[in-house]
Amino acid sequence: MEKKKSRIILALDFPYSENHKQLLSSSLRVLDSVAPYICAVKMNRQLVLPLGLFDGVQKIVNHAHELGLPTIMDAKINDIGSTNRAIAEYYFDAGFDAVIASSFVGWDEGLQSVFEVAKKMNRGVIVLVYMSHKGAIEGYGQMVQRSETKRLVPQYRIFAEKALKWNADGAVVGATYPSKIREVRAILKDLVPIYSPGVGAQGGDVEASLKAGATYLIVGRIIVEAENPAMAAEQVRHDAWLSGKEKLAKSR
Ligand code: 3DU
């Protein structure tokens, strides 16, 4: 972030296409053109499925690294521990620097194995705390009873506390809910960075999410699907860097 003066993580997402070759060339082309304006690249299964992990996707990961960009696999890992471990190992073997995992599976026989593998391989684990879409309220936003105090609290607050307890390398909170970013930031303090997707195409606002406490913005369609992805990335980088600076000045 400091080196690139950018808080923007590119979500390298393309709509469904039967032309897998073209998907790979478009990915590399967009990556090359926006590289000066971003600080990392995030991929998800909509790229792994058509391109293959140790084939096309690994080429993109290697190319991102050549450009000095770390890579995140948005796997939303969400299964039993033994399966999660193998999934994380494959992504790390392919070169990914971090994976995103779902907090809903919990620690024991859930995410513990992912954190273990990440530690051993010196990689990162980012956990979901509140997603950016409307339906997030049904799970992340539901009220649950704390076992110790019997008080009702929203699920995402408990997930934020777990992100701290698990020593996660990041927490995902949707840019579409700045007030929730603020609440989560108050729990995480400056100990865990907040990764915020949902700016632009999903209606989230750059300034509002950064002022609320987001550290990085994950941005996909408004860059990837723009007529000129480099110009779009430069613009959002500029806006985010200014808002981020204001945020720093105020906190001093
Ligand atoms: O809406 P965009 O096109 O800027 O893409 C957002 C990306 O972030 C996309 O890859 C999606 O899978 C991911 N994401 C969310 O949108 C919301 C989340 O809570 C977590 C990840």
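Q: Which residue stands opposite Tyr-195?
A: In this predicted model, Tyr-195 has Tyr-216 of strand 10 opposite. Strands are DSSP runs of E with at least two residues, and helices are runs of H or I with at least four, numbered from the N terminus.

Q: Why do strand 9 and strand 10 count as a pair?
A: Two strands pair if DSSP finds at least two bridges between them. Strand 9 (residues 194-197) is joined to strand 10 by 3 bridges, so they pair, and they run parallel.

Q: What runs 1-2-3-4-5-8-9-10?
A: That is the order of a closed barrel of 8 strands, with parallel pairing. From one strand to the next, the twist averages 30°. Angles run from 0 to 180 degrees between N-to-C directions, with axes fitted to C-alpha atoms, for helices over the stretch in contact.

Q: Which strands does helix 2 touch?
A: Helix 2 (residues 45-66) packs on the sheet and touches strand 2 and strand 3; contact means heavy atoms within 4.5 Å. Its direction makes about 160° with that of strand 2.

Q: How are residues and atoms treated?
A: Residues are numbered from 1 along each chain as its sequence is written, and side-chain values use heavy atoms, leaving out hydrogens and water. Local features need pLDDT of at least 70 and side-chain atom pairs pLDDT 80 or more, while totals for chains, interfaces and linings use all residues.
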